[in-house]
Amino acid sequence: MHVRDLQAGDVLLFSPEEGSWISKAITWLTDAPVSHAAMTYQIPTKMVEETPPAVRIAEATMRFPGRTVHVMRLNKPTIDDFKPVMDIAAKYLNGEAPYAMNNLYLVGMLLIYKKFTPSDTTQKIILRILKRLTEKLLDAINQHKYPDKHPMVCSQFVFECYQEAGKAYQLTIKNGSLLGDSNRPTLLSKAFKHKRQQSQLGGLQSDNTSDEELAKELFEAMNDETLLASGTVADELLDAIHDFAQVLHGVSHQVELDKADPKQGIAILQAQSSMFVTPGDLLRHCPELAHIGDIKLK
């Protein structure tokens with residue numbers, strides 16, 4: 001398949017970026033061969049994507065090299081006008097986009113929602129990732145930079161463009177990546193039952209480790225089969241989830257930190273969990289999207 005064969009509204013799912021540990025972590029956590037999602041915008045060579053600092057238009061040919069792009073297309077033959085979907089994308093482009101976070105945010109959300117009990121070593125790395133994400137959201141509160149909606153990841157942005165375009169365009173996710181058949185609780189469900197012991201929001205210490213290095217440590221810990229989980233989750237990690245939830249509530253509801261409520265933040269995360277869409281979901285678990293081919297540019 002060639003770039004010129006793309007049509008407006010085609011969903012573009014990218015294989016992991018070469019050399020990116022964040023991409024590798026996303027594919028491991030979702031058990032899918034894709035780590036990023038975008039959408040063809042108006043003409044074949046243009047794509048729209050949710051990426052920091054905001055939703056943007058990019059040249060498809062500049063974003064494709066070195067990665068396989070799985071092309072998905074709405075499989076409803078009665079739909080041939082994608083203007084409603086393009087209009088929603090344009091709305092986000094014109095300043096109404098949710099707060100954009102980098103792909104470490106996607107990793108963090110996957111860790112909170114995934115049904116697994118991480119090893120003690122992995123828990124320590126997850127703790128550092130959540131503190132990093134909490135700092136980023138806290139900066140938004142301190143600078144009074146609030147979004148109009150909750151933060152969204154790349155795949156959620158694509159999904160929302162279709163959802164908001166009207167009933168004829170709406171997508172569904174069946175047996176999504178994070179549902180699985182595991183009976184293990186998620187970190188979020190454990191945090192819901194946990195009473196925060198100590199907030200660290202007043203004394204977050206900067207971690208000079210890069211996002212990529214954090215993702216590398218996470219990936220290596222998750223793949224080390226010699227590390228066995230104790231079956232318990234450390235109070236410090238559960239406290240960190242409450243801290244993250246508190247700043248998420250502050251950002252989402254445009255309130256100062258001292259008025260933000262961790263319980264309401266947990267409720268936001270729980271509500272989002274049932275609607276959380278990963279790049280792998282758009283590839284494997286969305287019956288309204290058909291895989292029509294792949295593009296690979298050197």
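Visitor: Is Phe 82 buried or exposed?
Guide: In this predicted model, Phe 82 has a relative accessible area of 13%. Buried means under 20%, so Phe 82 counts as buried.

Visitor: How many aromatic pairs are there?
Guide: The count comes to six aromatic pairs. One of them joins the rings of Phe 82 and Tyr 169, whose centres lie 6.1 Å apart. Their planes stand at 65 degrees, so this pair is edge-to-face.

Visitor: Where do Phe 82 and Tyr 169 lie in the chain?
Guide: Phe 82 is in the loop between β5 (68-74) and α3 (83-96), while Tyr 169 is in the loop between α6 (154-163) and α7 (187-193). The pair therefore ties together parts that are 87 residues apart in sequence.

Visitor: And Tyr 169, buried or exposed?
Guide: Tyr 169 counts as buried, at 9% relative accessibility.

Visitor: Which residues form a cluster through ring pairs?
Guide: The cluster consists of Phe 82, Tyr 162 and Tyr 169.

Visitor: Which charged residues lie over rings, then?
Guide: Arg 63 lies over the face of Phe 14, 5.9 Å from the ring centre. Lys 91 places its charged end over the ring of Tyr 92, at 5.0 Å from the centre.

Visitor: Changing topic: how many salt bridges does the structure hold?
Guide: It holds ten salt bridges. Among them is the one between Asp 10 and Arg 73, where the closest N and O atoms are 2.8 Å apart. That pair links distant parts of the chain, with Asp 10 in the segment before β1 (11-14) and Arg 73 in strand β5, 63 residues apart.

Visitor: Are those two buried or exposed?
Guide: Asp 10 is buried, with a relative accessible area of 1%. Arg 73 counts as buried as well, at 18%.

Visitor: What does Arg 56 meet in a salt bridge?
Guide: The side chain of Arg 56 meets that of Glu 49, at 2.9 Å from N to O. Arg 56 counts as partly exposed at 35% relative accessibility, whereas Glu 49 is buried at 0%. Glu 49, Arg 56 and Arg 63 are linked in a network of salt bridges. Arg 63 is also the residue that lies over the face of Phe 14.

Visitor: Which residue does Lys 83 meet in a salt bridge?
Guide: Lys 83 meets Asp 87, again through side chains, at 2.9 Å from N to O. Both lie in helix α3, four residues apart, which is about one turn of the helix. Asp 87 counts as partly exposed, at 39% relative accessibility.

Visitor: What about the sheet: in which order do its strands come?
Guide: The open sheet has six strands in the order β4-β3-β2-β1-β5-β6, with antiparallel pairing. The edge strands are β4 (54-59) and β6 (289-296), each pairing on one side only. From one strand to the next, the twist averages 30 degrees.

Visitor: How many bridges join β5 to β6?
Guide: Seven bridges join these antiparallel strands. Val 69 stands opposite Ile 295 in β6.

Visitor: Which strands does α6 touch?
Guide: Helix α6 packs on the sheet and touches β1, β2 (36-40), β3 (46-51), β4 and β5. Its direction makes about 35 degrees with that of β2.

Visitor: Finally, where is Gln 123 found?
Guide: Gln 123 is found in helix α5 (residues 120-142), and counts as buried at 4% relative accessibility. Leaving aside neighbours within four places in sequence, Gln 123 is in contact with Pro 118, Thr 232, Val 233, Ala 234 and Leu 237.

Conventions:
Residues numbered from 1 in each chain as written. Predicted model: local features only at pLDDT ≥ 70, side-chain atom pairs only at ≥ 80, totals over all residues. Heavy atoms only, no water. Helix = DSSP H or I, 4+ residues; strand = E, 2+ residues; numbered from the N terminus. Buried < 20%, exposed > 50% of the residue type's maximum accessible area, 1.4 Å probe, protein only. Contact = heavy atoms within 4.5 Å. Phe/Tyr/Trp six-rings, centres within 6.5 Å; stacked < 30°, edge-to-face > 60°. Lys NZ or Arg CZ within 6 Å of the ring centre and 35° of its normal. Salt bridge = Lys/Arg side-chain N within 4 Å of Asp/Glu carboxyl O. Pairing = 2+ DSSP bridges. Axes fitted to C-alpha atoms, helices over the stretch in contact; angles between N-to-C directions.
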